[in-house]
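Hi,

Here is the structure I promised to pass on. Have a look, and my notes follow below.

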Amino acid sequence: MEFWDLVDEQGRFLRTVRSDSKLKKEEYHFAVEIWPINSQGEILLQKRSAFCEVLPGVWGLTTGRVQAGETTIQGAVRELREELSLFAAEKELIFLKRIVRKDGTHLIWDVFSYKTDVQTSTLCLQPEEVEDVCWILPEKVIQMAEEGNVYRYPEFYEILKETIRGI
């Protein structure tokens with residue numbers, strides 16, 4: 001069982017709860033998304049495992065919930081390590097945006113980019129979370145998103161542009 005720190009809309013700590021707890025309307029929980037990008041400008045996408053509770057079999061970015069006691073950057077480093085066996089240092093992640101979801105999910109997303117030239121053949125994928133990975137040029141990422149083959153959300157294209165701008 002995981003534990004989460006709950007925060008208000010501004011990200012101020014409120015209390016710690018079990019991950020299966022019911023949240024009040026004004027309570028949020030941090031999640032992270034990481035956009036790995038290589039020196040050729042390709043984005044590392046991952047296909048979610050068929051075993052995932054949320055969006056099984058869908059291509060997307062590395063994501064996850066922040067555990068109790070972690071900062072969002074610590075959570076991002078952990079998610080990269082757990083899902084892809086990518087060992088990033090906190091100082092290597094670049095903060096891109098905070099997204100406060102007011103859609104009933106109770107999530108505040110901190111989004112990061114991460115520059116790496118890792119070869120996909122060297123990654124050890126977490127089978128419960130990740131089925132496949134591949135480096136894809138931004139134009140192809142856009143095409144896949146428009147075809148519904150990559151999970152996209154309202155800020156998706158804005159974050160893609162920010163990620164590309166940072167290389």
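**What I found**

Helices α2 and α3 are roughly antiparallel to each other, a label used for angles over 145 degrees. Their axes (lines fitted to C-alpha atoms over the stretch in contact, with angles from 0 to 180 degrees between N-to-C directions) come within 11 Å and cross at roughly 170°. Helix α2 covers residues 138–146 and α3 covers residues 156–165; helices here are DSSP runs (H or I, at least four residues), and strands are E runs of at least two, numbered from the N terminus.

Where they touch (heavy atoms within 4.5 Å), Pro-138, Val-141, Ile-142, Ala-145 and Glu-146 of α2 meet Phe-156, Tyr-157, Leu-160 and Ile-164 of α3.

Before you read on: this is a predicted model, so local features need pLDDT of at least 70 and side-chain atom pairs count only at pLDDT 80 or more, while totals for chains, interfaces and linings use all residues. Residues are numbered from 1 along each chain as its sequence is written, and side-chain values use heavy atoms, with hydrogens and water left out.

There are also five aromatic pairs (ring centres of Phe, Tyr or the six-membered ring of Trp within 6.5 Å) in the structure. In one of them, Phe-95 and Phe-112 have ring centres 5.7 Å apart and planes at 75°, so the pair is edge-to-face (over 60 degrees). Phe-95 sits in strand β7 (residues 93–100) and Phe-112 in strand β8, so this pair ties together parts 17 residues apart in sequence.

Cheers

Terms used: Parallel < 35°, antiparallel > 145°, perpendicular 65-115°, else oblique. Phe/Tyr/Trp six-rings, centres within 6.5 Å; stacked < 30°, edge-to-face > 60°.
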